[in-house]
Amino acid sequence: MLSHQIFWNIWISRPNGAGKTTLLNVLSHLYLPQSGEIKLFNQTISDRTIFDNVSFLQDSSVLYPYLSAKDHLYFIADIHKIPRKRVIDSVEYLDMTDYWERNVKFYSLGMKQRTLLAIGLISNSKLLFLDEPLNGLDPTSMILIREAIKKMANNGQTILISSHNLNEIDKVTHDILFIKNQKVWLENIYGYQKNILKIRVDTKIINKTKEMLEINRYDYQANGTSFEILSHQEDGADIINLLIQNNLQITSFEKYIAGSEQRYKELFGVKSNGST
């Protein structure tokens, strides 16, 4: 049983073909379970009134190609008696104003995914299911959709997301539902999450970079000119300053939180190819 008073963002993680989408279909009563009973908010899902508070945003194939995002959103708003002002606010928030009056058949994948998220924003359902909302997106769409997910959660919605994008999981939540051997369980991976600084250096200074990191006792993984370094500061400024002061030029860097990947490796026996 899921309660919006307990969880705000929950991700389902498992290799492809393990049943993540099937689980969402069963929870939303699109598929019938072979046995047992499913309850949401203390109601069996056979009671259709439960879906006044539950929404399932499937992949973009559910959108009608000959309708626009405006058509979809206004239709849903009118059916559920949602003020159109909320539609306009969601469209502006997701930066859809330039294309929302064009037919869906002309949309990129990112535009379609933003349309689905706009539906989630205006519906204000207590529980929202999302199936792979970040797959194949351009960076702008990925950032907008990630922020929209956070906004919905901060507004009190529980969001259950099916995804195998481990890097994005760490940016949004600590709570993950893992599926293994036909069993599902919830874990809080906060204890696994760490600040990582990923840098690239010139090939000429790879060995010098390793030496400097080892002298200062940093944990790292090296793969060619790329280094992933565990940072005790969220911004990684300590590492960047150290390398610059020692005339070690960084060609690029990025910061991220890692943790779900480590837990995933432990659960599913995935080995790393990197070395230290």
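User: Hi! Which residue just after H8 takes a positive phi?
Analyst: Asn 247 does, with a phi of about 60°. Keep in mind that this is a predicted model.

User: Thanks! What about H8 itself, which of its residues are buried?
Analyst: Helix H8 covers residues 237-245, and Ile 239, Ile 240, Leu 242 and Leu 243 are buried there. Looking down the axis of H8, the buried residues fall within an arc of 160°, so they line one face of the helix.

User: Why would residues three or four places apart point the same way?
Analyst: Because an α-helix has 3.6 residues a turn.

User: And which residues are exposed on the other side of H8?
Analyst: Ile 244 and Gln 245 are exposed there.

User: Switching topic: where is Ser 68, and is it buried or exposed?
Analyst: Ser 68 lies in the loop between strand E4 (54-57) and helix H2 (69-79). Ser 68 has a relative accessible area of 3%, so it counts as buried.

User: Which residues does Ser 68 touch, leaving out those up to four places away in sequence?
Analyst: With those left out, Ser 68 touches Trp 100, Glu 101, Arg 102, Asn 103, Val 104 and Tyr 107.

User: One more: where does Ile 50 sit?
Analyst: Ile 50 is in the loop between strand E3 (43-44) and E4. Its relative accessibility is 0%, so Ile 50 is buried. Beyond four places in sequence, Ile 50 touches Leu 40, Phe 41, Gln 43, Thr 44 and Ile 45.

Definitions and conventions: Residues are numbered from 1 along each chain as its sequence is written. This is a predicted model: local features need pLDDT of at least 70, side-chain atom pairs count only at pLDDT 80 or more; totals for chains, interfaces and linings use all residues. Side-chain values use heavy atoms; hydrogens and water are left out. Helices (H or I, at least four residues) and strands (E, at least two) are DSSP runs, numbered from the N terminus. Buried means under 20% relative accessible area, exposed over 50%, partly exposed in between (1.4 Å probe, protein chains only). Contact means heavy atoms within 4.5 Å. The arc is that of the directions from the helix axis to the C-beta atoms.
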